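Subject: Two-chain model, handed over

Hello,

Here is the structure you will be working with. My notes on it follow below.

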Amino acid sequence: MNFFRQFLLLAVFALLFAACGNDNQEQQHSSRDGHEQPVELILTEDGRPARSVLAEQQELHRDNGEEPQTLDPHLAEGLPSAHILRDLFEGLTAESPEGRIVPGAAIRWNISRDGKTYTFYLRRDALWSNGDPVTAKDFVYGLRRSANPDTASNYAQVLLPIANAAEVLAGDLPPSQLGVIAMDEYTLQISMRDPTPYFLALLSHSSTYPVHRTNVEEHGSTFSRPGNLVSNGAYVLKDWVIRSRIELVKNENYWDAQNVIVEKVYYYPFEDQSTALKQFRAGKLQWTSEVPNNQFKWLQQHYPDELMISPWLGSYYFGFNLQREPFIENPELRLALALALDRDLLTEKVTQFGELPSYTLVPPGIRGYVSPSQEWAEWTQAERNSEARRLYAAAGYSEENPLRLEIRYDTGGNNKKMALAASSLWKQVLGVQATLLSEEFKVFLQNREQKVLTQVFRAGWISDYADAYSFLNLFRTGHGRNDYGYSNNLYDSLLDEIAAERIPSRRRRLMFEAERMLLTETPFIPVYTYVTKRMVNPRLKGWQSNVMDHHYSKDMFFLKAASEQATVVADIEAATVEQTEEEVLTSDIVAETATPVIGSETLITEEGVTPDEPIQEREAVVPEQAPTAADGKEDKTLPQGLLE
Amino acid sequence: MMQDTGMARHTLRRFLGLIPTLLMLITVAFFLMRVAPGGPFDSEMVLPPEIEANLNAKYHLDEPLLRQYFRYLGQVAVLDFGPSIQYKDWTVNELIAQGLPVSMRVGLTAIVVAFVLGTLLGITAALKQNTGMDYSLMGAAMLGMSIPNFVIAPVLILLLAVYAGWLPAGGWDSGIASMVLPVITLSLPVTAYVARLTRGSMIEVLHSNFIRTARAKGLPEMVVITRHALRPALLPVISFMGPATAGMISGSVVIERIFSIPGLGSYFVQGALNRDYTLVMGVVIFYGVLIILLNFMVDLIYAWLDPKIRYDENH
């Protein structure tokens with residue numbers, strides 16, 4: 001009797017669960033529909049989105065991956081802080097949605113003939129969030145504070161190209177000796193130690209942001225808290241609940257506030273990518289910092305319009321310890337291992353998100369620089385394998401006497417899978433006996449740096465600025481991250497030449513030469529170029545993929561959902577009837593942009609008006625305006641390397 | 001009277017005993033953290049030596065280790081855990097003060113749910129020993145204990161938050177809705193464990209002589225269970241609840257990560273991984289004090305529950 005009752009109960013439960021299951025499948029569809037397609041983008045005359053297509057609610061919820069370490073721009077390091085600080089502050093330069101350097105707080109600048117003096121002319125309409133004008137003195141104060149040893153900034157190395165910066169950081173000179181002078185209220189002069197063609201890009205980095213002096217002096221170490229922080233960017237800090245959310249609201253005093261569309265930005269520190277994805281699917285986020293590593297197929301199938309993948313300025317390598325056998329003086333063996341790694345297979349099967357197979361040190365995407373191509377990069381994998389076997393045998397290894405090596409990597413990400421795949425490829429092609437060793441990140445870093453225990457190790461580099469030198473410099477003798485133990489006098493002197501060279505074409509040739517020299521010696525194996533991968537609500541526009549993965553909230557906006565299309569049409573009709581100044585052009589533009597807008601890349605059509613054009617025009621005007629009497633011909637307002 | 005002074009003396013002794021224990025804890029934690037390879041400023045990006053020197057100077061990491069140790073002891077003595085090295089805008093005290101209420105809310109709710117539900121289920125199973133009810137309850141408990149929470153949590157989120165849309169998928173707004181899933185996930189294994197503990201000790205107690213006597217007296221079964229059997233049967237549960245409570249209100253790393261709750265738990269892991277010396281020390285000391293205090297409370301509850309235990313030194 002009792003058993004019978006139990007059985008009934010179980011049956012009821014089973015039925016309930018089954019019912020739930022059916023429910024779920026239906027629910028899944030409705031939640032997918034939560035991300036509605038946007039209406040077509042209509043731009044006004046000056047390249048801004050027309051009011052009629054903008055959604056009523058302009059609140060952006062961004063997943064930031066982690067809690068930012070700080071919102072003090074001079075202490076900041078790491079991506080989470082950088083993302084928020086780009087919204088809060090504005091440096092002398094800024095970046096356009098596609099990642100070009102554009103004027104920020106400085107409206108124009110000129111660079112002396114030797115590349116060692118930069119003069120910046122600041123906007124006269126720029127204000128701090130408390131209404132004070134942003135002046136050259138604020139930048140002087142900011143840069144001195146950033147270089148001051150008492151500030152103890154992690155990222156002050158960004159300042160090292162500035163004259164006396166190294167001495168100030170070392171405490172040998174007072175901060176007032178830093179090569180930064182306010183010529184007048186709105187003119188700032190920076191003297192350089194070396195001509196640094198990528199310096200303008202560094203000036204959009206948080207270490208160079210201005211801070212409000214009285215604000216910092218009044219609140220000390222708590223000046224970056226909500227209520228205290230005075231900033232000069234498009235947004236101000238409204239609220240900060242630690243490890244929960246950071247709320248920014250539009251800065252009404254920002255000089256370009258009339259073109260800032262998103263009113264509020266929320267940053268969430270979702271450490272778990274699946275959590276962020278679930279929040280995105282539930283419609284609570286419009287932007288995730290990453291997606292779970294193993295869900296490419298599922299995401300591609302279910303969220304093709306939301307999944308955004310684009311190359312990043314960084315690469316994944318395997319490094320060799322050149323100070324330890326068997327890799328000392330053995331470039332052929334290293335090349336054999338490099339040849340035998342089937343990168344197409346690794347990117348297709350292991351990383352899966354469309355990472356680009358890589359054969360060079362410097363990833364693609366740096367304007368004006370193309371890496372030297374390796375001859376064998378054009379071969380088929382079968383050809384590479386047979387050459388690898390030849391080199392392997394020539395180095396004295398065989399089936400009876402296989403190469404034994406250890407692959408060391410840090411836990412996390414795809415590292416384990418990559419090491420496993422590499423070891424099995426090496427075994428399959430060459431018969432190499434590889435052992436794998438995984439270490440906690442900081443332990444791994446230390447072992448890699450000491451170059452005593454490592455043989456083959458996981459390596460990689462993501463650059464803070466779009467310049468090949470950032471990658472090449474890693475192999476300089478004595479560089480802190482030269483974990484390969486690579487040392488070549490010729491290479492070092494090439495690097496010195498690059499550092500001193502200011503003519504872009506010559507500098508480019510030198511960098512090309514250096515990279516080729518490095519690649520022929522194979523001190524590392526390039527494997528693939530990283531991609532950024534995130535979910536973005538299809539109605540969020542105004543941003544573009546760029547290799548730096550820098551995205552300013554001020555450029556973004558939400559379009560109405562397609563289901564609201566009826567209202568848009570009605571709006572336009574109303575506008576045409578009234579013949580208002582603003583809407584006269586929209587009908588033309590509607591015709592022009594009649595092709596469907598797919599994804600963010602095609603957001604701004606090539607022949608269409610881009611939001612950046614006004615800025616480009618400004619740049620073009622600069623040379624005539626710049627007071628460059630004596631050496632005007634050579635005087636370049638913008639280095640070509642960055643802005644071509 | 002006699003019992004009261006014994007109790008007071010016992011309390012005092014326990015409190016004094018706390019100091020060497022804590023000192024030991026601080027010392028071991030302090031030096032263990034420093035033995036771990038790497039430091040707080042190591043990252044993929046290498047710092048120029050002058051910058052690293054500035055950073056070390058700022059956090060006194062350039063001083064001899066022993067001096068750092070005594071400096072730290074001095075700080076702890078005035079309850080100042082110093083600035084966090086990782087979260088530079090906050091002190092460790094502020095981080096704990098912000099995280100603790102969150103962890104407490106989730107943890108205490110979960111522990112109450114687990115205790116009430118667990119004991120009820122345990123008693124039910126014990127009373128219906130070896131019936132289908134007993135088997136299915138204990139089977140479910142076994143399941144609850146053995147499915148890890150990092151499996152249960154995503155499944156719950158998918159079912160109740162993503163598909164059904166009844167509850168938030170994560171995040172924290174201090175509301176009840178954002179607490180439901182974390183509390184369920186957190187309390188499930190503890191409920192299951194408490195149920196099994198209760199059942200076991202209840203069955204044992206029910207077979208003991210004084211229960212037989214009580215029943216022989218003709219007491220109603222309800223009174224036998226609530227008045228006589230329950231109190232001794234709960235003893236092992238209570239001694240389990242002490243450390244369990246400490247663990248739960250100081251936060252669970254897995255739960256906090258999956259539900260994105262800003263509690264204390266992930267500071268242990270994040271702090272250790274980042275070599276955020278001050279943060280790790282702060283939460284370890286805090287957790288240590290919590291365990292010691294809760295164990296102490298368990299002792300007191302023991303004395304109240306079990307007439308055989310008295311802290312009278314003359315016995």
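Asn215(A) sits in helix α6 (residues 213–219) of chain A. Helices here are DSSP runs of H or I with at least four residues, strands are runs of E with at least two, and both are numbered from the N terminus. Asn215(A) has 18 C-beta neighbours inside 10 Å, so it counts as partly exposed. On this scale a residue is buried if 20 or more other C-beta atoms lie within 10 Å of its own, exposed if 12 or fewer, and partly exposed in between, with C-beta atoms placed from the backbone. Apart from neighbours within four places in sequence, Asn215(A) is in contact with Phe223(A), Asn228(A) and Val230(A). Contact means that the C-beta atoms of two residues, placed from the backbone, lie within 7 Å. Ile246(A) is 31 residues away from Asn215(A) along the chain, and their C-alpha atoms are separated by 20 Å.

Before the rest, please note that this is a predicted model, in which local features need pLDDT of at least 70 and side-chain atom pairs count only at pLDDT 80 or more, while totals for chains, interfaces and linings use all residues. Residues are numbered from 1 along each chain as its sequence is written, and chains are lettered from A and ligands numbered from 1 in the order in which they are written.

The two chains

Chain A has 20 helices and 18 strands. Of its 644 residues, 47% are buried. Among contacts in chain A with a separation of 6 or more, 69% are between residues 24 or more positions apart.

Chain B has 12 helices and zero strands. Its C-alpha atoms fill a box of roughly 85 × 60 × 30 Å, taken along the principal axes. Buried residues are 36% of the 315 in chain B. Residues 24 or more positions apart account for 73% of the chain B contacts with a separation of 6 or more.

Where the chains meet

At the interface, 40 residues of chain B are in contact with 45 residues of chain A. On the chain B side, α2 (49–58), α4 (92–127), α5 (132–146), α6 (149–163) and α10 (253–259) each supply at least two residues. The largest share of that side, six residues, comes from α6(B). By class, the side of chain B that touches chain A has 22 nonpolar, 11 polar and seven charged residues. Ala, Val, Leu, Ile, Met, Phe, Trp, Tyr, Cys and Pro count as nonpolar, Asp, Glu, Lys and Arg as charged, and the others, Gly among them, as polar.

A four-stranded sheet in chain A

One open sheet of chain A has four strands in the order β4-β5-β7-β6, with antiparallel pairing. Strands count as paired if DSSP finds at least two bridges between them. β4 (106–111) and β6 (180–184) of chain A stand at the edges with a single partner strand each, so one side of each has no neighbour in the sheet. From one strand to the next, the twist averages 25°. β4(A) and strand β5 (residues 117–122) of chain A run antiparallel and are joined by five bridges. Within that pair, Trp109(A) has Phe120(A) in β5(A) as its bridge partner. Helix α3 (residues 136–147) of chain A packs on the sheet and touches β5, β6 and β7 (187–191) of chain A; the direction of α3 makes about 170° with that of β6(A).

Strand β15(A)

Five of the seven residues of strand β15 (residues 456–462) of chain A are buried, so the strand is largely enclosed by the rest of the structure. β15(A) pairs with strand β11 (residues 307–320) of chain A in the antiparallel sense over seven bridges, and Tyr317(A) has Ala459(A) in β15(A) as its bridge partner. Strand β13 (residues 404–410) of chain A runs parallel to β15(A), joined by two bridges. Ile407(A) stands opposite Val456(A) in β15(A).

A helix pair in chain A

Helix α9 (residues 331–340) and helix α11 (residues 381–394) of chain A pack at an angle of about 155°, with their axes 8 Å apart. Axes are lines fitted to C-alpha atoms, for helices over the stretch in contact, and angles run from 0 to 180 degrees between N-to-C directions. α9(A) is therefore roughly antiparallel to α11(A), a label given to angles over 145 degrees, with under 35 counted as roughly parallel, 65 to 115 as roughly perpendicular and the rest as oblique.

Regards
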